[in-house]
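User: I am new to this structure and would like a close look at a single part of it. Please take me through that part slowly.

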Number of protein chains: 2
Amino acid sequence: MIGQKNYYSMLTDKRILELRKRLLGPSFSLSYREPLHTVQGKGQYLFDANGKRYLDAVNNISHVGHCHPKVISAEEKQARTLNTNTRYLNDIIVNYAQQLNDTLPEGLDVCYFTNSGSESNDLALRMARNFTGSRESIVLNGAYHGQTSALIEISPYKLYGPGGTGAPEFVSVIPMPDPYRGKFRGSDQKAGSQYAGLVLDAIAKIQDDGKQLGLFIAEAIMGSGGQIIYPESFLQQAFEMVKKAGGLCIIDEVQIGFGRTGTHFWGFETCDVTPDIVTMGKPMGNGHPISAVITRRDIADAFDNGMEYFNSFGGNPVSCSIGQAVLDVVREEHLQENALMVGTYLLELLEELKNKHAIIGDVRGKGLFLGVELIKDHDELIPAGNEADLAANLMKDNNILISNDGPDQNVLKIKPPLVFTKDNSLELAETLDRVLDQDNFKIG
Amino acid sequence: MIGQKNYYSMLTDKRILELRKRLLGPSFSLSYREPLHTVQGKGQYLFDANGKRYLDAVNNISHVGHCHPKVISAEEKQARTLNTNTRYLNDIIVNYAQQLNDTLPEGLDVCYFTNSGSESNDLALRMARNFTGSRESIVLNGAYHGQTSALIEISPYKLYGPGGTGAPEFVSVIPMPDPYRGKFRGSDQKAGSQYAGLVLDAIAKIQDDGKQLGLFIAEAIMGSGGQIIYPESFLQQAFEMVKKAGGLCIIDEVQIGFGRTGTHFWGFETCDVTPDIVTMGKPMGNGHPISAVITRRDIADAFDNGMEYFNSFGGNPVSCSIGQAVLDVVREEHLQENALMVGTYLLELLEELKNKHAIIGDVRGKGLFLGVELIKDHDELIPAGNEADLAANLMKDNNILISNDGPDQNVLKIKPPLVFTKDNSLELAETLDRVLDQDNFKIG
């Protein structure tokens, strides 16, 4: 069926664009200068209305591959049987909760099911603020944690981005612990301690104001921040300081959880820390709206102050069946191991490109969560945001989907479905090599 | 398959309860004193692990009936084809947005897709606060609008309920416009004007404090408040006052939208008002996590201040296909008309019960969104919350599912899938009649 023009689509691109303009909120954006009209997905591939195939190296939500038959089959079977809410007894939710808990350190064993990473992070805020009696929050510059009112307030990516209005007084923003272009440079423990010192300063400031610290929230690798891997021991030290000050540590695994980093199932394990609350979302249902918050018993018990938590859809049997199928596929198809093997190979290929193309300032990442930072020069590290945008568009013209992101929009992001192969990696690297050969990407 | 013990379930009720206690947040609640172990749903029926069939008169989320084949078929077909996000062009989202807009008054035509009623109401708050530059909010006592941090703040049902901490200073709470037991009694225009006067007082107070009104949010019929139908012209007058003061009016259709009231597709139409922003959720995907915010172009344009709105799952092709199928089924099976016909019949039956059982203080509602308020006496109208809870449990023992809710938990709520029949109504009313004949329900 693929290859037949508009087989799946009755509307032209022009018509869809007109209708979007009239019918959808203008705050929604489209990827690429010439938007992609998707009609089918399969594994690590997307197909457009002309039957053109794209290698998808950007949609981390489609964790086990687009339209995975086992996931769809679980969805179908359960949708035909029962879909209702958590106010009734049902096997599926407890079996799934058990399986999720088995992936986490002991003590992180109380689950709340929600419908998006945003709902999860918002609920985590409610729990932490309830537990500590404080909304004083320490966050990392460049971080994005979701789109509810309360999450915009703690997301510097939004607060200092277009349309942002700055941080509220109860939010302390720490400079991004970026080994490449941050306030302190390098990935070693010295830099880690220097950034951790800034967390300590923020805690001292909060305490000097006579206030109690509420929470510290961070991803284990920063996503919207531009695939930032913290310097050694930063997160460990920051956690120690926060816990000592009576605050809770929330780890946001929405972007990188479920094996993407390759070496570990959860991102925080790569940093050797144990959060008080962990939130998860995007890949959890391979595109189906499911997410979760998992925390300790004492935090959950404190939150159980008489106010019911009810979520109309969260934890329904269809969503949980889908989540269970995703977990099963990650295990059965050894996708975490694949992320490590393929991601390591791709990182090596990208390192080679860095040696060849001066515009590449840094190559980094873990597993299949990689970043290529483009710069205009090697002294000032001036971000090459326009060039990164152009590169993502040229890659797309060459049938490969990546994105550019980060505070300066100058980081090429690679975060494909975990079924990505070494051949796919080679194709991506060779194509990027050809793209960067163009004159637009020559620097100083 | 139904009738075979534990066919669908490998776990006993006792085991599920143990696992829930260990694995799920304790803030989750279970319906009924002896919880219901659901294993299958079909139309207006749920089946438990022993094969026992329950007439479902409570799950408004399963709007077109549990496991509706057309909805499941749409889900399957699209899940097999493509599931991705709004950053790509796709027919399905714009076609669905168009169909939704066609159900709404002209001018309400800019859509945002989200994953829950909570996400929708939270986004509506963001839009209204952005548009007016103010977070000063007027809400109705007893109202519930969702579970994000920002929504708990404007939900008196939570603020003044168990574990609640009262209203923040920027939230003005108006007494519930309850014709039966409210501050002003009766459903006529006099009572409507009296309640509207309280809105005017709240606006004056905000303005006296030198502040600008931000928004007024209300359901067209209060759900968690206890199926409250406002006195005549209350909402019209309140809207006029709010708009005159430069505030925006948000209508929360999460509970009653999509034809449930019978006479109209949207609840606000029954009150003859036009909101600035309308939010929808629960029934929209018949249990699938989909929801929306629809607003005017000027409000959407103001919200487009440079900050992208991206929702990982909101507006994905699978969710939109499901939403489209629900809309189609409501039309093809004339479910709005059925809600009117069956709801009117059931309301008459309940009125007869009121004449027979002194414990019934009030019977009210529209279409298939009905309430039966239980009281301990006819002078003070002392709420019979324990009795309502007992009645819901006894109805369940008699294979009929209803709930009790409202600030005093004394209102029996009837909000079945819209495929509910006259025979179902008769069964419900006859069973309730028998239940209320018991000595527990004799009053003064």
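Into which domains is chain A divided, and what does the side of domain 1 of chain A that touches domain 2 of chain A look like by class?

Analyst: This is a predicted model, in which local features need pLDDT of at least 70 and side-chain atom pairs count only at pLDDT 80 or more, while totals for chains, interfaces and linings use all residues. Residues are numbered from 1 along each chain as its sequence is written, and chains are lettered from A, with ligands numbered from 1, in the order in which they are written.

Chain A is divided into domain 1, covering 13-60 and 334-441, and domain 2, covering 69-332, with bounds that come from an automatic or database domain assignment. Taken over C-alpha atoms, the centres of domain 1 and domain 2 of chain A are separated by 25 Å. Across the boundary, 24 residues of domain 1 of chain A are in contact with 21 residues of domain 2 of chain A, contact meaning that the C-beta atoms of two residues, placed from the backbone, lie within 7 Å.

On the side of domain 1 of chain A that touches domain 2 of chain A, at least two residues each are supplied by α12 (335-356), β13 (360-366), β14 (369-374) and β17 (411-414) of chain A; here helices (H or I, at least four residues) and strands (E, at least two) are DSSP runs, numbered from the N terminus. By class, that side of domain 1 of chain A has ten nonpolar, eight polar and six charged residues, where Ala, Val, Leu, Ile, Met, Phe, Trp, Tyr, Cys and Pro count as nonpolar, Asp, Glu, Lys and Arg as charged, and the others, Gly among them, as polar.

Turning to a helix of chain B, α3 (residues 91-102) has twelve residues that should span 16 Å at 1.5 Å a residue, and its end C-alpha atoms are 17 Å apart, which agrees; the expected span is 1.5 Å times one less than the number of residues.
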